[in-house]
Amino acid sequence: MKISPDGIIFWQMGFVKLNATIVFTWGLMIFITLGAWLITRKISIGIKISRWQNLLEILTVFVKKQILDVGLSAPVKYMGFLGTLFIFISISNLLTIIPGYHPPTGSLSTTSALAICVFVAVPIYSI
């Protein structure tokens, strides 16, 4: 049983290793970026919208409501950072249904990096 995807090495040259955490993190970033581009390239403001735009708007309203429920008064200020963090962690964990996929959030290095990002963002956003 693998506890962390850091132990799965795909390529190594000297001390440089390309492990599963790096491969799946970059793959996930490409997947999210491509998905966001495909969804937002045909955004409409009329009554008839696509189901993907509807999903994106539901997700946006959900994150905005969560920020308001925590007690922060201007949710738009925090939407970019917190929304990206939420989407990255959610999709990373949802993709575990794919055989052979090891979520990067299962690695201590990814969890530590996300924690450092939050640690730095708190004083920047003056929370």
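Helices α2 and α3 cross with a right-handed sense. This is a predicted model. Helix α2 covers residues 51–70, and helix α3 covers residues 75–94. Their axes come within 9 Å and cross at roughly 115 degrees. Angles of 65 to 115 degrees count as roughly perpendicular, so α2 is roughly perpendicular to α3.

Now look at the residues at this crossing. From α2 come Leu59, Thr60, Phe62, Val63, Lys64, Ile67 and Leu68. They meet Pro75, Tyr78, Met79, Leu82, Gly83, Phe86 and Ile87 of α3. Sorted by class, the contact of α2 with α3 has 11 nonpolar residues, two polar and one charged.

Aromatic rings come next. A pair of aromatic rings is described by two things: the distance of the centres and the angle of the planes. The count of aromatic pairs is four. One of them joins Phe62 and Phe86. The ring centres lie 5.6 Å apart, with 45 degrees between the planes. Planes under 30 degrees apart would count as stacked and over 60 as edge-to-face, so the Phe62 and Phe86 pair is tilted. Phe62 sits in α2 and Phe86 in α3, so this pair ties together parts that are 24 residues apart in sequence. Both residues also belong to the α2 and α3 contact listed above.

Turn to the strands. Strand β1 spans residues 9–13, and strand β2 spans residues 16–19. The two run antiparallel, joined by four bridges. In one of these pairings, Met13 has Val16 in β2 as its bridge partner. Two residues lie between β1 and β2, which form a hairpin. Gly14 is in the turn, with a positive phi of about 70 degrees.

Methods:
Residues are numbered from 1 along each chain as its sequence is written. This is a predicted model: local features need pLDDT of at least 70, side-chain atom pairs count only at pLDDT 80 or more; totals for chains, interfaces and linings use all residues. Side-chain values use heavy atoms; hydrogens and water are left out. Axes are lines fitted to C-alpha atoms, for helices over the stretch in contact, and angles run from 0 to 180 degrees between N-to-C directions. Angles under 35 degrees count as roughly parallel, over 145 as roughly antiparallel, 65 to 115 as roughly perpendicular and the rest as oblique. A crossing is left-handed if the near helix is turned anticlockwise from the far one by less than a right angle, and right-handed if clockwise. Contact means heavy atoms within 4.5 Å. Ala, Val, Leu, Ile, Met, Phe, Trp, Tyr, Cys and Pro count as nonpolar, Asp, Glu, Lys and Arg as charged, and the others, Gly among them, as polar. Two strands pair if DSSP finds at least two bridges between them. Rings of Phe, Tyr and Trp (its six-membered ring) pair if their centres lie within 6.5 Å; planes under 30 degrees apart count as stacked, over 60 as edge-to-face and the rest as tilted.
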